[in-house]
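Here is a short note to read alongside the model. Please look at the rings first, then the metal site, then the cores.

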Amino acid sequence: MGVSGRLGRFVVAAVTLMMFLPMALFPQQPERDSLLSGIASGKTRVVDLSYAINDKLVPWPGDKRWFEAQVNATVEKNGYFTRSFWMLEHYGTHLDAPIHFPPGKTTVDQIAAKHFFGPAVVLDVHEEGAQDADYRAPALRVEQWERKHGRILEGSIVLLRTGWASRWPDAQKYRNQDAQGKMHFPGFSAEAAKLLISRKVSGIGCDTMSADYGASEDFVVHHLVLGAGLYQLENLADLSGLPEAGAFLVVAPIKLENGSGGAVRVFAIWQ
Ligand SMILES: [Zn+2]
């Protein structure tokens, strides 16, 4: 075999390696094409991570009104059915836009659409949360995830799975308030938030009322995450079926001009 033959074999081997190396390095990034084409056939799982909106969800303590709907037209009377409704921006499964907490500036309608699509990073802390309702996931939990699945990709959306969704919509259990009215449920720590911001994720989310733990008084995670221009997803529905890595999220908030946030539909897809 001549030099050109050996060189040719080397080139083929190098190209093959380059094609497959990224997949080996980033196992959390599935083949997007088959992921989308598998939706219709059912090969791709589609899970809705949002609660249906009604007047019986758990509002933030102190809110006096949260949701009202009224019928404007009925099929019997008008030949068609319509309603109007009023609700809080932060009620049920919702998105916190950066402007919700300083120094954040962006309103919900101004968030770039590309940030609403990204790989789901699921940090499972349901055992820690069951033992300590004031648990704050440390940066170490993020580092443990990365040791298992690879470095968190830019544009990822990081979900904290506390298991609190199993208490929904029982306000007493979900808020878990003490005699002084202070709430107790797990959340992100400031250190974890800082690490995730440095990874350039698009947003973070949780299956509790707040990205900060329930007893927080300074809302440090809100200030950090929203201040860095990221968004938060709160009151996400049951996350128990999601893989820790490999799912892809589609986040679809209401495009409410000048809104501090609003109702959001969140879908996870994976094979
Ligand atoms: Zn909120």
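1. Start with a charge over a ring. Arg65 lies over the face of Trp86, and the distance to the ring centre is 3.9 Å. Keep in mind throughout that this is a predicted model.

2. A second case involves Arg167 and Trp164. The charged end of Arg167 sits over the Trp164 ring, 3.7 Å from its centre.

3. Next, ring against ring. The count of aromatic pairs comes to six. One of them joins Phe116 and Tyr231; this pair is tilted, with 5.7 Å centre to centre and 45 degrees between the planes. The pair links distant parts of the chain, 115 residues apart. Phe116 belongs to the loop between strand 4 (94-96) and strand 5 (117-124), while Tyr231 is in strand 10 (residues 231-234).

4. Another pair is Trp168 with Tyr174. Their rings are edge-to-face, 4.8 Å centre to centre, with 80 degrees between the planes. Both Trp168 and Tyr174 are buried. Together with Tyr51 they form one aromatic cluster.

5. Now the metal. Which residues coordinate the zinc ion? They are His90 through ND1, His94 through NE2, Asp96 through OD and Glu234 through OE, at 1.9 to 2.5 Å. The donor residues follow the spacing H-x3-H-x1-D-x137-E in sequence.

6. Why is the zinc arrangement irregular? The four donor atoms subtend angles of 77 to 168 degrees around the ion. A tetrahedral site would need all angles between 85 and 135 degrees.

7. His94 is buried, with a relative accessible area of 3%. Asp96 is buried as well, at 0%.

8. The largest nonpolar core has 24 residues. Leu123, Val158, Phe188, Leu196 and Ile204 have the most contacts inside it. Elements giving two or more residues to this core are strand 5, helix 5 (139-149), strand 7 (157-161), helix 7 (190-198), strand 9 (203-206) and helix 8 (220-227). Helix 7 provides the largest share, four residues.

9. Leaving aside neighbours within four places in sequence, Leu123 is in contact with Arg141, Val142, Trp145, Val158, Leu159, Leu160, Arg161 and Phe188. Another core lies apart from the largest one and has 22 residues, including Leu242, Val251, Val264 and Val266.

Technical notes: Residues numbered from 1 in each chain as written. Predicted model: local features only at pLDDT ≥ 70, side-chain atom pairs only at ≥ 80, totals over all residues. Heavy atoms only, no water. Phe/Tyr/Trp six-rings, centres within 6.5 Å; stacked < 30°, edge-to-face > 60°. Buried < 20%, exposed > 50% of the residue type's maximum accessible area, 1.4 Å probe, protein only. Lys NZ or Arg CZ within 6 Å of the ring centre and 35° of its normal. Donors = N, O, S within 2.8 Å, 3.2 Å for Na, K, Ca; no water. Tetrahedral: all angles 85-135°; square planar, octahedral: opposite > 155°, others 65-115°. Core = buried A, V, L, I, M, F, W, Y, C linked by side-chain atoms within 4.5 Å. Contact = heavy atoms within 4.5 Å.
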